[in-house]
Amino acid sequence: MIRLLTILIYMSFWYPMRHAVAQKGACSLSDVCLIETKKRLIAHIQKLPYTDVIELFPQLIAVCPAVAFTIPCIPPVGAWTHNRLSSQFGWRLHPIQGRYKHHEGMDIAGPHQLVRSTASGKIIKTGYERGLGLYVVVDHGNSYQTIYGHLALVSCKNGQVIQIGESLGVLGQTGQATGLHLHYAVRKAGQYLNPAAYLTLGLNVVANYQSANP
């Protein structure tokens, strides 16, 4: 499903939406994407506040999909039929430690299933921590990193280059976990952000395009 989504976005948006952006008079980000190299565009994203990256994502995916897919933009698990958000980003009473602590990600509860990278990047760390259990950290080369914790097993290795939607492991209950779930975190330039803002960036672009082009 993830690979089909990637192909759909690329084929549906690259030509028609690039033309549309050019016609409307693109903002500075579109100009940068068309004129500068991919490397310079990524450097531009590194300097932007996360709120600007989210706002400009639809234009970015229109003119430079390869760079857009280095920004977390899809859910780390598949269909939500058997999944649920069990703990949100922010302050909470820790279910095991029994004290208020800032939750630097979100918890998605569900059965054993594949956990997938939410953006293209490189595996920079895998391992085990007492709290996080088995985990994977992906660096996306643009100041973004994503973390996937409490995995039952890890199917990738350090240094591996990975594409959006590729499997990282299996959802589990390792570390300090009261049940089967995935701890998913997003950070930009070392700052943890609310992953909710990134869960459906790509899906929203697809939905908006389909509604505008019935």
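Serine 117 is in contact (heavy atoms within 4.5 Å) with Ile74, Val138, His140, Tyr148, Ile162, Gln163, Ile164, Gly165, Glu166 and Leu168, leaving aside residues up to four places away in sequence. The model is predicted, so local features need pLDDT of at least 70 and side-chain atom pairs count only at pLDDT 80 or more, while totals for chains, interfaces and linings use all residues. Residues are numbered from 1 along each chain as its sequence is written, and side-chain values use heavy atoms, with hydrogens and water left out. Serine 117 is located in the loop between strand 5 (114-116) and strand 6 (121-129); helices (H or I, at least four residues) and strands (E, at least two) are DSSP runs, numbered from the N terminus. Serine 117 is classed as buried because its relative accessibility is 0%, where buried means under 20% relative accessible area, exposed over 50%, and partly exposed in between (1.4 Å probe, protein chains only). A polar atom of the serine 117 side chain lies 2.5 Å from the backbone oxygen of alanine 119.

The protein has six helices and twelve strands. Of its 214 residues, 47% are buried. Among contacts with a separation of 6 or more, 65% are between residues 24 or more positions apart.

Strand 6 pairs with strand 7 (residues 133-139) through seven bridges, and the two run antiparallel; two strands pair if DSSP finds at least two bridges between them. Strands 6 and 7 form a hairpin with three residues between them. Within this pairing, lysine 125 is opposite valine 137, and threonine 126 has valine 136 as its bridge partner. Strand 6 is also joined to strand 9 (residues 161-162) by two bridges, again in antiparallel orientation, with lysine 122 opposite valine 161.

Strand 7 is largely enclosed by the rest of the structure, because five of its seven residues are buried. Five bridges connect strand 7 to strand 8, and these strands run antiparallel. Valine 137 stands opposite isoleucine 147 of strand 8. Strands 7 and 8 form a hairpin with four residues between them, and glycine 141 in the turn has a positive phi of about 75°. Serine 143 lies in the loop between strand 7 and strand 8 (144-154). Although serine 143 is not a glycine, its phi is positive, at about 85°. Histidine 150, in strand 8, likewise is a residue other than glycine with a positive phi, near 65°. Histidine 150 counts as buried because its relative accessibility is 5%.

A nonpolar core is a set of buried Ala, Val, Leu, Ile, Met, Phe, Trp, Tyr and Cys residues joined through side-chain atoms within 4.5 Å. The largest such core holds 41 residues, and Phe57, Leu60, Ile71, Tyr144, Leu168 and Leu182 touch the most other members. Helix 4 (residues 50-63) contributes the most to this core, with seven residues. A second, separate core has five residues, including Leu132, Val137, Ile147 and Ala185. In soluble globular proteins, nonpolar side chains tend to be buried together.

Tyrosine 144 touches Ile45, Tyr50, Val53, Ile71, Pro72, Val138, Asp139, Val186, Arg187, Lys188, Leu193 and Tyr198, with residues up to four places away in sequence not counted. Arginine 187 belongs to strand 11 (residues 181-188). The arginine 187 side chain makes a polar contact of 2.8 Å with the side chain of glutamine 145 and another of 2.7 Å with that of tyrosine 192. A polar contact is a pair of N or O atoms within 3.5 Å; within protein, one must be able to donate a hydrogen and the other to accept it, and residues adjacent in sequence count only if both atoms are side-chain atoms.

Cysteine 73 is buried, with a relative accessible area of 0%, and cysteine 156 is buried at 10%. The number of disulfides (pairs of cysteine sulfur atoms within 2.5 Å) is zero.
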